[in-house]
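Here are my notes for anyone opening this one for the first time. Have a look at the fold, then read the points below alongside it.

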Amino acid sequence: MRTLCFDGDPVLRGIAAPVLQFGADLDVLVTDLFATMYDSKGRGLAAPQVGVSLRVFVTDTDWKEAAPSPMAFVNPEIIATAPEQHCGPEACLSIPGRTFDVMRSVWVDLGWTSLAGLRQTARFHGVGAVCVCHELDHLNGILITESGTEI
């Protein structure tokens, strides 16, 4: 498990570096990200939120209501987005106690590399789309304080 970084920490405003090496160090980081996310009661967590400026994030949008469905994303990128958007509330582990309405596409196609080094693609809808977009924003130094309206 790792310590969370909070709004004001410069690592949250930088653009994270691509992952170039796969192996034990990356596996440990991802394991720590999941442990920190679950312990903090989150649905997603990006490496910069624990002080590591690498293009890695994890999600599990189901674990609070159903069986866990953990996913790890290395060097993710949005391939396509829905033309339709939805504005909804989002919270962030790095901005505790505050909620923001953020406009997001209703679905996104995401490409990423697995921990095994294999290229993956999938379409995410609803909460899944919101979560991957939120975490990808973290990799680009964007927080919901600037992309949304506080509610």
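1. Start with helix H2, which is largely enclosed by the rest of the structure because 11 of its 14 residues are buried. Buried here means under 20% relative accessible area, exposed means over 50%, and partly exposed is in between (1.4 Å probe, protein chains only). Helices (H or I, at least four residues) and strands (E, at least two) are DSSP runs, numbered from the N terminus. The buried set in H2 includes Gly 128, Ala 129, Cys 131, Cys 133, His 134 and Asp 137.

2. Before going further, a word on the model: it is predicted, with local features needing pLDDT of at least 70 and side-chain atom pairs counting only at pLDDT 80 or more, while totals for chains, interfaces and linings use all residues. Residues are numbered from 1 along each chain as its sequence is written, and side-chain values use heavy atoms, with hydrogens and water left out.

3. Back to H2 and its length: from first C-alpha to last it reaches 20 Å, close to the 20 Å expected at 1.5 Å a residue. The expected span is 1.5 Å times one less than the number of residues. Just past the end of H2, Gly 141 has a positive phi of about 75°.

4. For the terms: on a 1 Å grid over the protein atoms alone, a pocket is an open set of points where a 1.4 Å probe fits, with protein on both sides within 12 Å along at least five of seven lines, and lining residues have an atom within 4 Å of a point.

5. Who sits closest to the centre of the largest pocket? Out of 22 lining residues, the answer is Arg 43, Glu 90, Ala 91, Val 130 and His 134. By class, the lining splits into eight nonpolar, eight polar and six charged residues. Ala, Val, Leu, Ile, Met, Phe, Trp, Tyr, Cys and Pro count as nonpolar, Asp, Glu, Lys and Arg as charged, and the others, Gly among them, as polar.

6. Ser 105 is worth a click: it lies in strand S5 and is buried, at 10% relative accessible area. Leaving aside neighbours within four places in sequence, Ser 105 is in contact (heavy atoms within 4.5 Å) with Thr 81, Ala 82, Glu 84, Gln 85 and Ala 129.

7. Now the other helix: H1 (residues 24-39) has 16 residues and reaches 22 Å, close to the 22 Å expected. Among its buried residues are Leu 26, Leu 29, Val 30, Leu 33 and Met 37. The buried residues of H1 pack against strands S1 (44-46), S2 (56-59) and S3 (71-81).

8. Phe 34 and Tyr 38 form a stacked aromatic pair, 6.1 Å centre to centre with 15° between the planes. They are about one helical turn apart, because four residues separate their positions in helix H1. Phe 34 counts as buried at 15% relative accessibility, whereas Tyr 38 is partly exposed at 24%. Rings of Phe, Tyr and Trp (its six-membered ring) pair if their centres lie within 6.5 Å; planes under 30 degrees apart count as stacked, over 60 as edge-to-face and the rest as tilted. The whole structure has five aromatic pairs, and Phe 57, Phe 73, Trp 112 and Phe 124 form one aromatic cluster.

9. Lys 41 has a positive phi near 65° in a residue other than glycine. Gly 42 is 50 residues from Cys 92 in sequence but 8.0 Å from it in space, C-alpha to C-alpha.

10. Finally, Pro 68 is in the loop between S2 and S3 and is exposed at 58%. Not counting residues up to four places away in sequence, Pro 68 touches Tyr 38, Asp 60 and Trp 63.
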